[in-house]
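Subject: Structure handover

Hi,

Here is the structure I promised to pass on. Please open it alongside this note, and my findings follow below.

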Amino acid sequence: MNGIVIIDKPQGWTSQDVTARLRRVFNTRRIGHGGTLDPMATGVLPVFVDRATRGVEFFEHAEKTYEATLRLGLTTDTEDTSGTVLEEKEVRIAKEEFLGILPKFRGDIQQIPPMYSALKIDGQKLCDLARKGKTVERKPRTITIFKLECLEFSGNTARLLVHCSKGTYIRTLCKDIGEALGCGGCMAALRRVTTGEYTIGEAVPLDVLLESEDPGSYLRPVDSMFRNYPELRLTPKQEQRCRNGNSFSMDKPDGSYRVYSQDGEFLALSKVENGVMSTIKSFFAVSF
């Protein structure tokens, strides 16, 4: 079985836990996921099965949208409520003051990755160092917050909608907002509602999939991840050149295309530049 299954990841599971379980469900070792979610987080986790794993790399740069709960007045070592409390302060923040700080966190901003993260420095995961009580210097990185809205505010708790670029740590965003308000803060809950092309409305709860008699019915075709690109059918000669990895003339506007054979087989994600089509990534089955 090949394809992509959009999992609604439950709380308490790591992304690796999910892929390990689905290896048994789909009886294949070729499994990958698009975008790690912390154990306390829930929501959209695309899982790529068998030949579809060739598409994992395209999710490295996927934009994501989250619904997050920010707990003001509480600072922890993990930047979320699962960690050890470092400081707790009384919160006297009015909604207007809270809303007034949010524009500072929209657009391109600098963010320092948290110590409790899978990011590696000198070959070591930061979280492994953090668990040993070590702290190392991390360089700030530029991320983009395309949208930051307050969905709800009450006393010391705010619910946020965040549409962001790859590499954004929502718990660090929560911490930084709390610091900017002078009371501290951390993330209390997180739900990913979109990643790349996929939304929470398309996701299947993990327990539903695991209990299904036909888990393969939840697999989406590989080309669904490129559904916003235009479709293009190749002639038999063009198809042969595509399968051989060769470029060929194409009278189409510059851009990326979903490329298919005459009988509808998805062949590749390809691009046209100056009248020449070449393959970005092939997805057809190779026969020997």
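N274 sits in the loop between β18 (266-273) and β19 (276-282); helices (H or I, at least four residues) and strands (E, at least two) are DSSP runs, numbered from the N terminus. Before going on, please note that this is a predicted model, where local features need pLDDT of at least 70 and side-chain atom pairs count only at pLDDT 80 or more, while totals for chains, interfaces and linings use all residues. Residues are numbered from 1 along each chain as its sequence is written, and side-chain values use heavy atoms, with hydrogens and water left out.

Although N274 is not a glycine, its phi is positive, about 50 degrees. N274 is exposed, with a relative accessible area of 72%; here buried means under 20% relative accessible area, exposed over 50%, and partly exposed in between (1.4 Å probe, protein chains only). E79 is another residue other than glycine with a positive phi, near 70 degrees. E79 belongs to the loop between β5 (74-76) and β6 (85-88), and is buried at a relative accessible area of 8%.

**The sheet around β18**

β18 is also part of an open sheet of 5 strands, in the order β15-β17-β18-β19-β16 and with mixed pairing. Two strands pair if DSSP finds at least two bridges between them. β15 and β16 (248-249) are the edge strands, each pairing on one side only. Strand β17 (residues 255-260) runs antiparallel to β18, and 6 bridges join the two. As one example to look up, R258 has L269 in β18 as its bridge partner.

**Aromatic rings**

How many aromatic pairs does a search of the whole structure find? The search gives 9, counting rings of Phe, Tyr and Trp (its six-membered ring) whose centres lie within 6.5 Å; planes under 30 degrees apart count as stacked, over 60 as edge-to-face and the rest as tilted. One of them is F58 with F226, an edge-to-face pair at 5.2 Å centre to centre and 90 degrees between the planes. This pair links distant parts of the chain, 168 residues apart: F58 is in the loop between β3 (42-49) and β4 (64-72), and F226 in the loop between α5 (206-211) and β15 (231-233).

F58 is partly exposed, with a relative accessible area of 26%, whereas F226 is buried, at 3%. F226 also pairs with Y229: the ring centres are 6.2 Å apart and the planes are at 50 degrees, so this pair is tilted. Y229 is partly exposed, at 36%. Ring pairs link F58, F226, Y229, Y260, F266 and F283 into a cluster.

There is also a charge over a ring: R243 lies over the face of F284, 5.1 Å from the ring centre. The criterion is NZ of Lys or CZ of Arg within 6 Å of the ring centre and within 35 degrees of the ring normal.

**Helix α1**

Helix α1 (residues 15-26) has 12 residues and reaches 16 Å from its first C-alpha to its last, close to the 16 Å expected at 1.5 Å a residue; the expected span is 1.5 Å times one less than the number of residues. Its buried residues are S15, V18, T19, L22 and F26. Seen down the axis of α1, these fall within an arc of 90 degrees, so they line one face of the helix; the arc is that of the directions from the helix axis to the C-beta atoms. The buried residues of α1 pack against β1 (3-9), β2 (31-33), β3 and α5, with contact meaning heavy atoms within 4.5 Å. After α1 comes N27, with a positive phi near 55 degrees.

Best wishes
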